[in-house]
Structures are given as C-alpha cells and as structure tokens.
Amino acid sequence: MKKSFYHFALTFRGGEWSDEKVRFAESMFLDHAFPKMSDSFDELTNYIEFQSDEYMTIGAFDQLWNLYENKFSV
C-alpha cells in the first residue's frame, strides 16, 4: 500500500541533523497543519512555499519527493 508523502518522509526522523532531509522531516512532524494525507506534488509544494518554516526547504522537499516517487512510482 502506498504511503502518503508525510508518512514516507517521517522515516528520515532521528538521523543526523546535518542532513537537510532529516531537518525537513523533524520540522514537518512538528507542523500540525502539514497536509499529512497528501500525495499531490502541487499541493505539497504550495504548502512548503507559503506556509513552512526555515527547515522545510524546497531543496530538501525535492530530494525527498524524488525518493518517494522512485519508491512508490507516483
């Protein structure tokens, strides 16, 4: 069964803080408004661009999205 992007990205929590994917996942986890059930690139990108904090960067999102896309063939 395909996971939402949120649940996929949570697998990066607890890693080395120097990894921007880890910082993204930790920040995303603490953001209660993050669209947790979404697998829409456009919806997630819009949220990150307009409502996220300094650790939820587009660069980290792009890396995570590519991994997510490869794993689940979105």
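Which residue just after H4 takes a positive phi? In this predicted model, that residue is Ser 73, with a phi of about 50°.

Helix H4 comprises residues 58–72. Its 15 residues should span 21 Å at 1.5 Å a residue. The end C-alpha atoms lie 20 Å apart, which agrees with that expectation. Six positions in H4 are listed as buried: Ala 60, Phe 61, Leu 64, Trp 65, Tyr 68 and Phe 72. Around the axis they cover an arc of only 130°, so they sit on the same side of H4. Such a pattern has a simple basis. An α-helix has 3.6 residues a turn, so residues three or four places apart point the same way. The partners of the buried residues of H4 are helix H1 (5–9), H2 and helix H3 (41–51).

Two packed helices are described by the angle between their axes and the distance between the axes. For H2 (residues 20–30) and H4, the axes come within 9 Å. The crossing angle is roughly 95°. The range for roughly perpendicular is 65 to 115 degrees, and H2 and H4 are therefore roughly perpendicular to each other. On the H2 side, the contact is made by Glu 20, Lys 21 and Phe 24. On the H4 side, Gly 59, Ala 60, Phe 61, Gln 63, Leu 64 and Leu 67 take part. By class, the residues of this contact are five nonpolar, two polar and two charged.

Lys 21 belongs to helix H2. Its relative accessibility is 15%. Buried means under 20%, so Lys 21 counts as buried. Beyond residues up to four places away in sequence, Lys 21 touches Phe 12, Ala 60, Gln 63, Leu 64 and Leu 67. Ala 60 and Leu 64 are also among the buried residues of H4.

Tyr 55 lies in the loop between H3 and H4. With a relative accessible area of 33%, Tyr 55 is partly exposed. Along the sequence, Tyr 55 and Lys 21 are 34 residues apart. In space, their C-alpha atoms are 8.9 Å apart. When residues up to four places away in sequence are not counted, Tyr 55 touches Trp 17, Arg 23, Phe 24 and Ser 27. Phe 24 also takes part in the contact of H2 with H4.

Ile 58 is placed in helix H4. Its relative accessible area is 32%, and Ile 58 is partly exposed. A separation of 9.5 Å is found between the C-alpha atoms of Ile 58 and Phe 24, which are 34 residues apart along the chain. Neighbours within four places in sequence left aside, Ile 58 contacts Thr 45, Ile 48 and Glu 49. Thr 45 and Ile 48 are among the buried residues of H3.

The buried set of H3 consists of Leu 44, Thr 45, Tyr 47 and Ile 48. Viewed down the axis of H3, these residues fall within an arc of 160°, so they line one face of the helix. The cover over them includes H1, H2 and H4. Asp 42, Phe 50 and Gln 51 are exposed, on the face of H3 turned away from its buried side.

Definitions and conventions. Residues numbered from 1 in each chain as written. Predicted model: local features only at pLDDT ≥ 70, side-chain atom pairs only at ≥ 80, totals over all residues. Heavy atoms only, no water. Axes fitted to C-alpha atoms, helices over the stretch in contact; angles between N-to-C directions. Helix = DSSP H or I, 4+ residues; strand = E, 2+ residues; numbered from the N terminus. Parallel < 35°, antiparallel > 145°, perpendicular 65-115°, else oblique. Contact = heavy atoms within 4.5 Å. Nonpolar A, V, L, I, M, F, W, Y, C, P; charged D, E, K, R; others polar. Expected span 1.5 Å × (residues − 1). Buried < 20%, exposed > 50% of the residue type's maximum accessible area, 1.4 Å probe, protein only. Arc of directions from axis to C-beta.
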